[in-house]
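Subject: Structure handover

Hello,

Here is the structure you asked about, with the sequence alongside. My notes on it follow below.

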Amino acid sequence: MSAEKMGSGGEMGRAAGSVLQRELALTDMLDPDTFGGVVDSLGELYQVGIRVLDTRGRTLAEVKGGSGDFCGYIHASPEGRSRSAALAARLHEGPLTPTQGARSVPGTSPLGGELLALPCFTGLRYLLMPVRWDGDELGRVVFGPFVPEELAEPPASLGELAGVDVARARELMARVRRLSEHEATKLVAHFAQVLAALLASGQKSHLTSQLHLEATLETQRELETQNAQLMRLNQRLKEADRLKSSFLSTVSHELRTPLSSIIGYSEMLSEGLVGGLNPEQMQFVRTITEKGNTLLKLISSILDMSQIEAGKVRLAFEWVDVQELVESALTSVMPQAQRKGLTVTVRMPQVVQPRVVADREKLRQVVVNLLANSVKFTPGGGRVEVRLSELGPQPRLGVSGYRIEVEDTGVGIPEDQRARIFQSFYQVDDSPTREYGGAGLGLAIVKSYVEGHGGRVGVTSEVGKGSCFTVVLPQEPPLSGQGPAYIPPPIDTEPDRF
Ligand code: ADP
């Protein structure tokens, strides 16, 4: 059978080795149990033996009919046995043409090819029906033996076989069904009809299940290919990311050293260590120091982030007084806040907070980054407030801990941007003309440090009204008991909704 014959236009029809292009076999199309049952009942109905074989000579179903005793008797004679074996070979494997003792029966065979009659040396007869389906040779049906209607007596040659008594043979032959060739042909035609019906439905379900299987395999193959591609891409991305981090780390490291010298020398100049400066010179030198410090902060954040991304940042846990830490963070942003005319308030717990376990420097940086942002993104005259909660159960973490909130009356963050501001280098306004400085790393560092402590960070905000960043931290980070802990390289997760 070919793909064209199936009229398949789909992808499957063209695929090499598709089931539509493969030759069918009888075993694919017939369920052995069901078919065996059908052949048994038809054999009983006809009272004639039936054997169905595939093209490789394998028997798919067989029923003996009434000839068993007679054949058994002939087989008892060695010569009878060897002649029977030769006949069986001719019937089961011989050509399906009117040669080698076979004669063509008038009319066409119901399942294609020629219907053949084959005489047995005992006088009995077989019909041989080829099974063709959709142009494919699938096998054959051996029908018989039956006693031809015209046979009056067993041939005399039977008596010449050693150990065979003609009278006994005649007696046993009487149990074999007697049929005219015309009747036998009609029975074969009936059997062919049943077989054709079974083949049609068997072919349908075989093709359907095979096509389904092929489609599934094809999908699986496609998925495997895509998966392999994704893995390769992922690998490349990881490598590019690693190179970026290492490049940033090298560059910022190289920039820090000369920049520290610039700041150092400009400070020496402004302190008059190498002679006095006139007011204008003093103003210039102070600007150099100020801008140098801004640049140094920027470079330090790049270096910090590249270290985090490389998984090289270690947290050194110790007992920390958070109240003191928050106040110290506040002092580092106060000059800037005052310059902008912001009102900065701090609210501490009523009771003195017990100490907690944290990496002091990293936690300080978390608070400084949040406060620096609030100061930066709040217009003059606005308010910034930092609040430290009491120690208590933190449902979000499932352990005891505390919250630090930094609230401002600044520009606010649009809802659709809130998830992204914690990604490195992300800024809500990334236009070249943007109003606020920065590299977009402050919050990415905050998130990594907070999560490294086993905490969570989230934000609520309203555009034009202000923002509130909340950090929830455990009293004792889960990893703190096991010595210094490395912060895992960041993965993009949605920030918490507070
Ligand atoms: P940077 O401040 O250097 O741009 P961050 O990672 O600290 O980088 O912040 C990322 C972005 O998040 C900022 O560019 C800003 O758009 C927004 N953002 C952060 N904090 C605030 C805030 N308090 N008010 C308004 N927008 C903020």
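Which residue caps the N-terminal end of α11? The cap is D359, with a side-chain oxygen placed 3.2 Å from the backbone nitrogen of E361. Please keep in mind that this is a predicted model, so the distances and angles below are computed from its atoms.

Helix α11

The helix that D359 caps covers residues 360-376, which is 17 residues. From its first C-alpha to its last, α11 reaches 24 Å, close to the 24 Å expected at 1.5 Å a residue. A number of its residues are buried, among them L363, V366, L370 and N373. K362 and S374 are also on the buried list for α11.

The ligand

The ligand has 20 residues around it, and N373, K376, D408, Q427 and L443 are the closest. Three elements each supply at least two residues of the shell: α11, α12 (442-452) and β16 (466-474). The largest share, three residues, comes from α11.

Which polar atoms of the protein lie by the oxygen atoms of the ligand? In the side chain of N373, an N or O atom is 2.7 Å from a ligand oxygen. The backbone contributes as well: an N or O atom of G440 lies 3.0 Å from an oxygen atom of the ligand, and for a backbone N or O atom of G442 the distance to a ligand oxygen is 3.3 Å. Taken alone, the ligand exposes 520 Å², and the protein buries 96% of that. The space that the ligand takes is the largest pocket.

Is S448 buried or exposed? S448 sits in helix α12, and it counts as buried because its relative accessible area is 6%, where the cut-off for buried is under 20%. Between S448 and V406 there are 18 Å in space, C-alpha to C-alpha, and the two are 42 residues apart in sequence.

S270 belongs to helix α8, which runs over residues 181-270. With a relative accessible area of 19%, S270 is buried, since the limit is under 20%. A polar atom of the S270 side chain lies 3.0 Å from the backbone oxygen of E267.

S84 is in helix α6 (residues 78-93) and is buried too, at a relative accessible area of 15%. S84 and I74 are ten residues apart in sequence, and their C-alpha atoms are 8.3 Å apart in space.

Backbone geometry

Most residues other than glycine have a negative phi, and most peptide bonds are trans.

- A cis peptide bond joins G144 and P145, with omega at about 10°. P145 is part of strand β6 (residues 136-148).
- Q47 is not a glycine, yet its phi is positive, near 60°. Q47 is in the loop between α4 (32-46) and β1 (50-54), and it counts as partly exposed because its relative accessibility is 46%.
- F425, also not a glycine, has a positive phi of about 70°. The loop that holds F425 lies between β14 (399-408) and α12. F425 is partly exposed, at a relative accessible area of 38%.

Two further positions

Where is G264, and how far in space is G264 from G292? G264 is in helix α8. G264 is partly exposed, as its relative accessible area is 25%.

L26 is found in helix α3 (residues 26-29). Its relative accessibility is 1%, so L26 counts as buried. L26 and L315 are 289 residues apart in sequence and 72 Å apart in space, C-alpha to C-alpha.

To recap the part around the ligand: α11 gives the largest share of the shell, three residues, and N373 is among the closest residues as well as being on the buried list for α11.

Regards

How values were computed. Residues numbered from 1 in each chain as written. Predicted model: local features only at pLDDT ≥ 70, side-chain atom pairs only at ≥ 80, totals over all residues. Heavy atoms only, no water. Helix = DSSP H or I, 4+ residues; strand = E, 2+ residues; numbered from the N terminus. Expected span 1.5 Å × (residues − 1). Buried < 20%, exposed > 50% of the residue type's maximum accessible area, 1.4 Å probe, protein only. Polar contact = N/O pair within 3.5 Å; in protein donor to acceptor, adjacent residues only side chain to side chain. Near = heavy atom within 4 Å. Areas by Shrake-Rupley, 256 points an atom, 1.4 Å probe, with all protein chains shown as cover. 1 Å grid on protein atoms, 1.4 Å probe; cavity = no way out; pocket = protein on both sides within 12 Å on 5 of 7 lines; lining within 4 Å. Sits in = over half its atoms within 2 Å of the grid points.
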